[in-house]
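Let's walk through a protein model together, one feature at a time. Keep the structure open beside the text and look up each place as we reach it.

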Amino acid sequence: MSLPEALERAASALPDDGDVIRPANGDPDRLLSNLSPTAAVRLLHWLFEHEPAAADELAAAWCADPGGSSALGAIDAATLSKPGRKALRRTRHRLRSRGLEVPEPTVEPVVAKLPQLEERLEGAFVTPLDPRGTRLVYLVEPHPGGGVRVFELALDEERGVIECQVYTANRSQARRFMRDLGGDARRAAAPAPPEAVRALIARVATAQPSDRSVPRAFAEWRARLTDVPAGTPTPGALARQALSGAGEDAQTRDAVTLIREGVVGPWPPPLAQLERVAERVRESSGGRIIVSKLQQNERVEAVLRESVDELLDPARAECTAHRFDETAYVLWKSDRVDEARACLAAADELRQDGRAGSPVARALLERALAPVLEALERQEREREESSLLVKP
């Protein structure tokens, strides 16, 4: 890799120095004049660790200048990996053999210092679930080369890991991002312990459908994004621990209200399954045979009851219960404790019943079929109105 290409990689890996590295356009002299002494040491250190050939080229160009020579001498070999140490040692030896003066690294006396409180900048956030059942999660962690790394994932309990993006930012950008994300009332993202978010990612990834491959970035970073001890609670499990005692009938009725008002859900089944149910509902309304409103309601009711039983099998009932648990966490962190308890009660009901007898399951299906049911009601009103017209 050429020196300009290596410097571009370094600029991406060192976001705090990138705005100084890039304007030099690969010119060693201009680069040295632009960088501060500590930034010059930081850049050489990164190159010896990741691009030793480019580091050797840059060090040779810099050694004619006292500032560049000092930067090379200031690198602590002990902080490099074994290949990096060998590359640094070869460069220093080669430059000395050419008669160039390379100062020996100085050993600073060890002085006890108070830890820097801002040394690690990390955190995690989760957003509410959208009507489809998808939500975003964010993980922010220190970047080994300086600054921070931000992971953004789109998760769905049924469809698995849908998207994964990885960004780098400097510390000030990361602080602003975390502040804006935590204070965004529209997205209502809630802070969560990073290990709990990793546990959530691990659970969703484990249930990844066999016909849907994970995003390439997630495959690359999977171990880091899911590395938590077995049994680590997800955000939803933390809400359940904090709000234990959910499950009363009144709270279940509150959950049904939240569904009907569009606060949570409907998290519909796959489109093909939902379309089949919608067609059965239309057919039950009478077709070419005129039926009474009572008969129509009875037929629609029978279809809905059977459809809930068919669509919400035990696996999907558990999946929907997880969604209610995770929704409860965001509501709890938004100081909407009563609504959070209602969601936990809904999850309890689905785990106990999960079939046609569940008012929560029925409300979710009715909400998903709302356009079809509203169309039937509209047709019935129009038929009643037309029957009242006096014909000449």
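At roughly what angle do the axes of helix 16 and helix 17 cross? Before answering, remember that this is a predicted model. Two packed helices are described by the angle between their axes and the distance between the axes. For helix 16, which covers residues 337–352, and helix 17, the axes cross at roughly 105 degrees and come within 8 Å. An angle from 65 to 115 degrees counts as roughly perpendicular, and therefore helix 16 and helix 17 are roughly perpendicular to each other. If you zoom in on the place where they touch, you will find Ala346, Glu349 and Leu350 on the side of helix 16, facing Pro359, Val360 and Ala361 of helix 17. By class, 5 residues of this contact are nonpolar, 1 is charged and none is polar.

The axes of helix 4 and helix 5 cross at roughly 145 degrees and come within 6 Å. From helix 4, the contact takes in Ala40, Leu43, Leu44, Leu47, Phe48 and His50, while helix 5 brings Pro52, Ala54, Ala55, Leu58, Ala59 and Trp62. This contact has 11 nonpolar residues, 1 polar residue and no charged ones.

Stay in this region a moment longer to meet another kind of link. Side chains of opposite charge can pair when their charged atoms come close. How many salt bridges does the structure hold? There are 19 of them. One is between Arg9 and Glu51, whose closest N and O atoms are 2.4 Å apart. This pair links distant parts of the chain, since Arg9 is in helix 1 (residues 3–13) and Glu51 is in the loop between helix 4 (37–50) and helix 5 (52–62), 42 residues apart.

Loops deserve a look too. In the loop between helix 2 (15–21) and helix 3 (28–34) sits Asn25. Asn25 has a phi near 55 degrees, a positive value in a residue other than glycine. Further along, the loop between helix 12 (249–260) and helix 13 (271–284) holds Pro266. The peptide bond leading from Gly265 to Pro266 is cis, and its omega is near 0 degrees.

Finally, let's search for empty space inside. Rolling a probe the size of a water molecule over the atoms shows where empty space is left. A search of the whole structure turns up 2 cavities of 30 Å³ or more. The largest cavity has a volume of about 130 Å³. Its lining is made of 13 residues, and those nearest the centre are Leu312, Arg316, Ala361, Leu364 and Leu365. Helix 14 (293–311), helix 15 (314–333) and helix 17 (359–368) are the elements giving two or more residues to this lining. Which helix gives the most to the lining of the largest cavity? That is helix 17, with 4 residues. By class, the lining of the largest cavity has 11 nonpolar residues, 1 polar and 1 charged.

The second largest cavity holds about 60 Å³ of space. Around it you will find Leu129, Gly133, Arg135, Leu155, Asp156, Glu157, Leu200, Val204 and Glu326. Strand 3 (148–156) and helix 9 (194–206) each supply at least two residues of this lining. The lining of the second largest cavity divides into 4 nonpolar, 1 polar and 4 charged residues.

How values were computed. Residues numbered from 1 in each chain as written. Predicted model: local features only at pLDDT ≥ 70, side-chain atom pairs only at ≥ 80, totals over all residues. Heavy atoms only, no water. 1 Å grid on protein atoms, 1.4 Å probe; cavity = no way out; pocket = protein on both sides within 12 Å on 5 of 7 lines; lining within 4 Å. Points joined across faces, edges and corners; volume = space filled by probe spheres on them. Nonpolar A, V, L, I, M, F, W, Y, C, P; charged D, E, K, R; others polar. Axes fitted to C-alpha atoms, helices over the stretch in contact; angles between N-to-C directions. Parallel < 35°, antiparallel > 145°, perpendicular 65-115°, else oblique. Contact = heavy atoms within 4.5 Å. Salt bridge = Lys/Arg side-chain N within 4 Å of Asp/Glu carboxyl O.
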